[in-house]
Amino acid sequence: MTIQLHDTRRGRKVPFEPQHEGRVTMYLCGPTVYNYAHIGNARPAVVFDLLARLLRRRYDVTFARNFTDVDDKINAASIESGKPIGEITERFKRAYNEDMGALGVLPPDVEPCATDHIGEMIAMIETLIDTGHAYEAEGHVLFDVESYPDYGQLSRRNLREMIAGSRVEVAPYKKSAHDFVLWKPSTPELPGWDSPWGRGRPGWHIECSAMAEKHLGNTIDIHAGGQDLVFPHHENELAQSRCAHGGADFARYWLHNGFLSIDHEKMSKSLGNVLLVHDLVKEVPGEIIRLALLSAHYRQPLDWSDETLESAKRMLDRLYGALRGVVVSPAARAAAEPPAPLVAALEDDLNTPKAMAELFVVARELNKAESGSEREALAATMLAAGDLLGLLGQDPEAWFSGDAGDGLDAATIESLIAERAAAKSNRDFSAADAIRDRLAADGVRIEDGPDGTTWRRA
Ligand code: AMP
Ligand code: ZN
């Protein structure tokens with residue numbers, strides 16, 4: 001089976017065929033580095049890290065994820081904090097990589113910074129001017145959307161309707177309300193570079209077009225990002241790149257993740273509900289956060305709540321519980337492959353809920369298996385699945401000893417079972433049942449036998 005991916009431009013799931021056999025190029029719009037990443041920003045990082053891991057099973061992948069390190073929000077942060085721009089961007093680049101690393105996000109192959117590609121951006125803008133797709137006006141250079149008939153193709157917008165319904169205040173130097181900035185002038189206190197149009201700085205969209213061209217070529221296989229980037233960012237990247245490259249396609253597949261909300265609300269500074277990964281990883285193992293982010297299909301909205309994390313924790317407790325006490329030799333580990341149905345689920349447009357269900361099928365088999373060799377083989381299969389998913393990387397004992405005694409470590413389970421036995425002998429059956437339910441909610445199944453009560457993780 002070929003890998004199936006949902007392409008935003010075609011609006012449906014399609015078979016994935018890279019431009020060059022055996023090789024895949026992939027670009028993910030990275031963060032603007034002026035503060036810590038919030039949990040919503042982590043969703044594309046984690047989801048497309050998983051996609052890169054999956055593609056690497058079949059292809060030689062070059063995955064680029066950029067840093068936007070020149071932007072008006074960074075300038076504002078610098079003025080507000082009194083710190084130089086370079087200090088701010090360096091600090092938050094480092095923090096981003098640390099925080100994403102804690103979520104099991106592997107470093108991409110290339111991490112280009114916008115400020116290292118100003119020459120490429122200027123060259124691309126010059127080409128756009130020379131070919132009649134851009135014009136200079138009052139120190140700005142603007143992309144002429146009317147020069148590109150396919151404008152709106154990606155986001156399924158009609159340029160005529162957009163112009164007719166436009167309420168944006170039109171800068172006097174723009175030919176059309178939807179023309180967007182490729183280059184803008186900088187005042188002496190703002191970052192700027194010399195250019196044919198005077199000292200200035202690039203617009204946001206041209207940054208990604210220039211970095212993708214430099215590191216991945218004119219036509220890339222996959223371009224990814226959050227849903228909010230479809231318009232205008234990706235529509236504009238597509239317009240610029242195609243026009244600068246004589247009409248060659250820019251990205252063969254466009255992938256967009258759905259948005260993450262918190263307790264059914266949009267995350268926003270004004271609501272005070274912005275959850276930073278940097279804070280969360282101090283309290284919760286990164287693996288739990290990663291699984292929580294992968295718990296919904298990537299194109300669906302994901303509502304984040306305490307329950308999202310608790311449910312991911314319960315799942316990992318069950319998986320590590322199955323692995324506990326099983327010795328897997330290095331040879332068995334090296335030879336193991338993730339289960340075929342799990343890989344098939346991921347290859348079907350990254351169906352992570354189905355993939356997790358398939359992992360639990362193996363965990364349940366392992367719980368039931370009796371022979372040592374069978375248990376070892378099943379545990380090795382689970383670990384291979386974990387390598388692909390970026391999960392189960394810890395020693396199971398360490399996983400449980402890190403447990404803060406919230407009813408899931410062995411000692412707590414044993415003491416709850418003792419409490420239940422005491423309740424039963426006092427004929428307090430409702431208390432006994434409540435303890436059984438509490439254990440079940442944490443994925444612990446108990447069985448009463450002639451020799452007392454035994455337990456295992458379901
Ligand atoms: P930014 O730094 O704002 O450009 O965002 C970096 C990445 O995070 C982009 O791919 C955005 O689409 C994505 N993103 C931002 N907020 C959310 C959210 N609440 N849920 C999912 N993705 C988001
Ligand atoms: Zn971009």
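Five of the six residues of strand 3 (residues 23-28) are buried, so this strand is largely enclosed by the rest of the structure; buried here means under 20% relative accessible area, exposed over 50%, and partly exposed in between (1.4 Å probe, protein chains only). Helices (H or I, at least four residues) and strands (E, at least two) are DSSP runs, numbered from the N terminus. The model is predicted, and local features need pLDDT of at least 70, side-chain atom pairs count only at pLDDT 80 or more, and totals for chains, interfaces and linings use all residues. Residues are numbered from 1 along each chain as its sequence is written, and side-chain values use heavy atoms, with hydrogens and water left out.

Strand 3 runs parallel to strand 4 (residues 60-65), to which six bridges join it, two strands being paired if DSSP finds at least two bridges between them. Within this pairing, Met-26 stands opposite Phe-63 of strand 4.

With a salt bridge taken as a side-chain nitrogen of Lys or Arg within 4 Å of a carboxyl oxygen of Asp or Glu, the count comes to 26 salt bridges. One of these is formed by Asp-72 and Lys-184, whose closest N and O atoms are 3.2 Å apart; because Asp-72 lies in helix 2 (residues 72-81) and Lys-184 in strand 7 (residues 180-185), the pair ties together parts that are 112 residues apart in sequence. Asp-72 is partly exposed, with a relative accessible area of 36%, and Asp-72 also forms a salt bridge with Arg-201, at 2.8 Å between the closest N and O atoms. Arg-201, by contrast, counts as buried at 7% relative accessibility.

Definitions and conventions:
Chains are lettered from A and ligands numbered from 1 in the order in which they are written.
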